[in-house]
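I opened the model and kept short notes on what I looked up.

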Amino acid sequence: MTGAALAILSAGLGLTASADTVTLYLNGNSDYISQLKAYGGEFTAVTGAYSTSSNTTTVANLEKLGYVANTITAASTTYGNTEAGFDTFCLQENVSFHAGTQYYYSLSNTLPPALTVGAAWLYYEFATGSLSSFAYTGGSAATDAAELQDAIWYLQGETPYNQYYGNGTITTDPYLILAEDKFSDSLTDARAADSLGGWGVEVMNLNTQSNGLGTAIQDQLILTGTTPTNSGGTPVPDGGATLCFLGSAFAGLAFIRRKFFA
């Protein structure tokens, strides 16, 4: 497809220009850290639109979007970076990223992966500190993060449900149960790919090139506003999330790879 055609397509679908950057880091609650296995989130995203020379200012900027203290993390200090970032989860089970590497991104809720209402709602509840039974720190935090990641993958139509500790199912994952209860007691309804920016949640479509024509990288969730809707709705203004992000690339850091279980 020509560059002109891509520009027209992006404009027609409401995508932002793919010129912004984000750097992802391993989070202490990630089951990659807690289990020394390469599975899923949560991860920490450091973004220049909200990262400043002052962590106090950075936190204030993120709080304007609705992120609470428990979902704003300075986990990137592991790599010598003291900027705070927001905690997030990935949307694909078989796509990878390098921790500490800067990527380009655009915001979307309609292009693959189209964001389902169930995944959008769960992330909204998580980011705003309202997710029932989720331990944000200590205790069962890593297990809860793994179960929430599995629930998001399932709601996004990824591979059949896996619980990496070996004892979870579709009917026992607490976050799938919450999503089912929220959407008319129906996981089918929760998997409807029509969030349309509902709950102020968008998809960060990551790529190795600013024009979006490089290698697709594992997409992440981002809260761009706090006005919830019952199901879908008009996207909430992102309050500057599409400004150029400041992130530092670090070579040779951990490589996160999605894995499958039979």
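I started with Leu148. Which residues does Leu148 touch, not counting residues up to four places away in sequence? I found Phe89, Leu122, Phe126, Leu131, Phe134 and Tyr175. Contact here means heavy atoms within 4.5 Å.

I noted the ground rules next. This is a predicted model, in which local features need pLDDT of at least 70 and side-chain atom pairs count only at pLDDT 80 or more, while totals for chains, interfaces and linings use all residues. Residues are numbered from 1 along each chain as its sequence is written, and side-chain values use heavy atoms, with hydrogens and water left out.

I then looked at the core. The largest nonpolar core has 55 residues. Such a core is a set of buried Ala, Val, Leu, Ile, Met, Phe, Trp, Tyr and Cys residues joined through side-chain atoms within 4.5 Å. Buried means under 20% relative accessible area, exposed over 50%, and partly exposed in between (1.4 Å probe, protein chains only). Leu148 is among the members that touch the most other members, and so are Tyr67, Leu122, Tyr123, Phe126, Leu155 and Val201. Helix 4 (residues 117-127) gives the most to this core, with nine residues.

I turned to a pair of helices. Helices (H or I, at least four residues) and strands (E, at least two) are DSSP runs, numbered from the N terminus. The axes of helix 5 (residues 141-155) and helix 6 (residues 174-182) come within 7 Å and cross at roughly 50°. That makes helix 5 oblique to helix 6. Axes are lines fitted to C-alpha atoms, for helices over the stretch in contact, and angles run from 0 to 180 degrees between N-to-C directions. Under 35 degrees counts as roughly parallel, over 145 as roughly antiparallel, 65 to 115 as roughly perpendicular, and the rest as oblique.

I checked Thr128. Thr128 sits in the loop between helix 4 and helix 5. Is Thr128 buried or exposed? Thr128 counts as buried because its relative accessibility is 16%. Leaving aside neighbours within four places in sequence, Thr128 contacts Gly66, Val68 and Leu223.

I ended with the whole chain. The protein chain has seven helices and nine strands. Of its 262 residues, 52% count as buried. Mean pLDDT (the predictor's confidence in each residue, from 0 to 100) is 73 for the chain. Confidence is highest in helix 4, at a mean of 97, and lowest in helix 1 (residues 3-12), at 32.
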